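Dear colleague,

I am handing over to you the structure shown below. Please look through it before reading the remarks that come after it.

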Amino acid sequence: MPPARRSRIAGSRPKKKALARARKDNVYARIRETRFNRHISHDIAQYRRYLAEGGAAVYSASELNALERAGVSDRLPPRATAYYLDLAKRSEAVRNLIKARPEEMDDLSGEADPSNQLRYSPTPGLLHKYELVLLYVVRACSSWCRYCYRSDFLTGKTGKDIASIHEVRSYIESHNAAVRKGETHRPAIREALLSGGDPMVLSNRNLFDYMNGLAEAGVEVIRIGTKELAFFPQRFDDNFFEMLDLFHELHPDVLVAFMTHFTHPDEFLMLDENGGYVRNAHGRPLRNPAVAAPVKRLAGRAFVTLENQTPIIDSVNDDAGSLRLMQRELKRMGVNGHYFFQCREIEGHRAFAVPVEAAWRIHNDSQYGLSGIERSRFALSTEAGKMEMVAVLDGVKDALPPGLPPELARALRDGIVIFRLHRSPEAKGQGAIVIARRNPEAVWITGYEDRILYDGRKPGPAAAKAAGLLAALSPFLHAAE
Ligand code: SF4
């Protein structure tokens with residue numbers, strides 16, 4: 001069971017910067033900052049001003065009026081850097097990712113706190129589910145994806161607070177001490193993911209505070225979840241790399257994993273004025289130098305890895321060809337394909353979600369023609385853990401043998417889906433299989449909960465896991481008695 005949650009009034013985080021930086025004057029003196037101007041348009045009024053000053057015309061006047069009438073800013077204000085808006089002008093996929101749509105407000109059903117994350121928050125701003133902990137470190141990104149699965153945190157709707165590195169450090173140290181003494185069966189905390197928002201919008205010193213505090217607490221791998229390479233790659237400048245190298249000098253055995261969030265190849269390949277890919281003499285697409293240069297600098301460091309993860313989103317990246325190209329070209333650039341995710345059940349998710357089985361099909365088709373090192377997984381990040389969808393079996397079209405129990409006949413007619421718990425907070429849940437009758441309309445795991453035949457997530461004996469299958473067979477079993 002996750003530990004009991006401690007709460008704190010949002011915004012009252014003990015900062016204690018002086019404590020974090022005490023006796024480290026010589027270290028912090030070596031960290032330099034750059035004053036970036038990302039030219040962010042936050043919300044509709046600012047976008048109108050940006051447009052009047054000659055900015056990229058991504059919305060028409062009538063579209064802006066329709067957004068105001070629909071009240072999209074109440075859900076999530078549209079926000080983007082000038083760099084990304086310029087890209088949006090040339091790419092339909094990028095436009096669909098960043099442009100607010102009035103339809104977002106048509107159906108606001110969904111979870112305020114997707115996957116019940118607060119259940120796993122023992123300390124404000126910290127989620128502890130696996131051997132990995134997640135820290136909310138900032139409540140902003142340079143631009144905001146319309147499908148943002150952290151919109152509840154960005155808008156402050158669920159009261160999640162920013163992590164204090166002092167509280168997190170003492171939590172990690174006491175948890176790992178308890179593991180060493182055998183007081184808990186949970187694994188030691190070895191990894192930490194800096195999330196938000198986007199940690200790369202923090203200053204170098206503030207980012208270093210978190211990285212250094214985690215390394216001093218004994219964390220072996222620090223992940224930085226970021227879409228800044230797509231939104232504002234200029235952030236990865238000399239001052240940032242100097243800070244990164246300084247961190248490595250102080251903590252040479254800590255791996256830094258950049259969890260990139262490229263959603264479509266248009267975000268890192270070179271586009272011509274009409275949005276087509278610019279290719280070399282071999283027909284291979286060229287890279288956008290603004291992105292390729294920092295990726296090359298990151299990938300060139302032995303203590304850094306790059307892993308990409310993104311959801312599959314309606315009208316953005318819901319085609320196998322784009323996903324295949326993205327996986328191939330990311331790998332060639334030095335970025336590993338990690339996960340493709342089902343769009344989470346956030347409020348308003350129906351405007352962005354591709355049905356689960358359709359998303360699986362798109363991802364599965366995208367794997368054809370990829371080598372073993374270019375491939376990725378398709379998963380749902382659920383409360384029970386990361387559920388990889390491993391198979392969708394078609395229904396039987398031929399006549400079925402007479403006398404089959406009706407529920408079983410339905411499952412054979414409709415077809416079957418199989419999930420595997422790829423990552424579970426519980427040791428016993430690891431690798432568990434879930435088998436359900438197909439539901440082509442389902443956009444989340446909840447769409448299968450009343451169709452489950454075998455549920456490996458359930459604790460207890462095999463009979464409890466197979467309760468759905470036994471119920472489906474019961475008329476048959478009773479008849480045989
Ligand atoms: S980068 Fe991540 S946190 Fe930021 S808006 Fe996009 S999905 Fe949300």
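The notes that follow cover the ligand, the domains and a set of strands.

Please bear in mind that this is a predicted model.

The ligand

Which residues surround the ligand? They are C141, W144, C145, C148, Y149, R150, G197, D198, K227 and H261. Sorted by class, this shell holds 5 nonpolar, 2 polar and 3 charged residues.

The two domains

The domain assignment divides the protein into domain 1, residues 17-383, and domain 2, residues 389-480. Taken over C-alpha atoms, the centres of domain 1 and domain 2 are separated by 34 Å. At their contact, 17 residues of domain 1 meet 15 residues of domain 2. On the side of domain 1 that touches domain 2, the elements giving two or more residues are α15 (356-367) and β10. Of the elements there, β10 gives the most, with 5 residues. By class, the residues on this side of domain 1 comprise 8 nonpolar, 3 polar and 6 charged.

The strands

Strand β10 (residues 377-382) also pairs with strand β11 (residues 385-393): the two run antiparallel and are joined by 4 bridges. A hairpin of 2 residues leads from β10 to β11, and S381 stands opposite K386 in β11.

How many bridges join β11 to strand β12? There are 7. Strand β12 covers residues 416-423 and runs antiparallel to β11. One of the pairings is that of M387 with L421, which lies in β12.

Yours sincerely,
A colleague

Key:
Residues numbered from 1 in each chain as written. Predicted model: local features only at pLDDT ≥ 70, side-chain atom pairs only at ≥ 80, totals over all residues. Near = placed C-beta within 6 Å. Nonpolar A, V, L, I, M, F, W, Y, C, P; charged D, E, K, R; others polar. Pairing = 2+ DSSP bridges. Domains from an automatic or database assignment. Contact = placed C-beta atoms within 7 Å.
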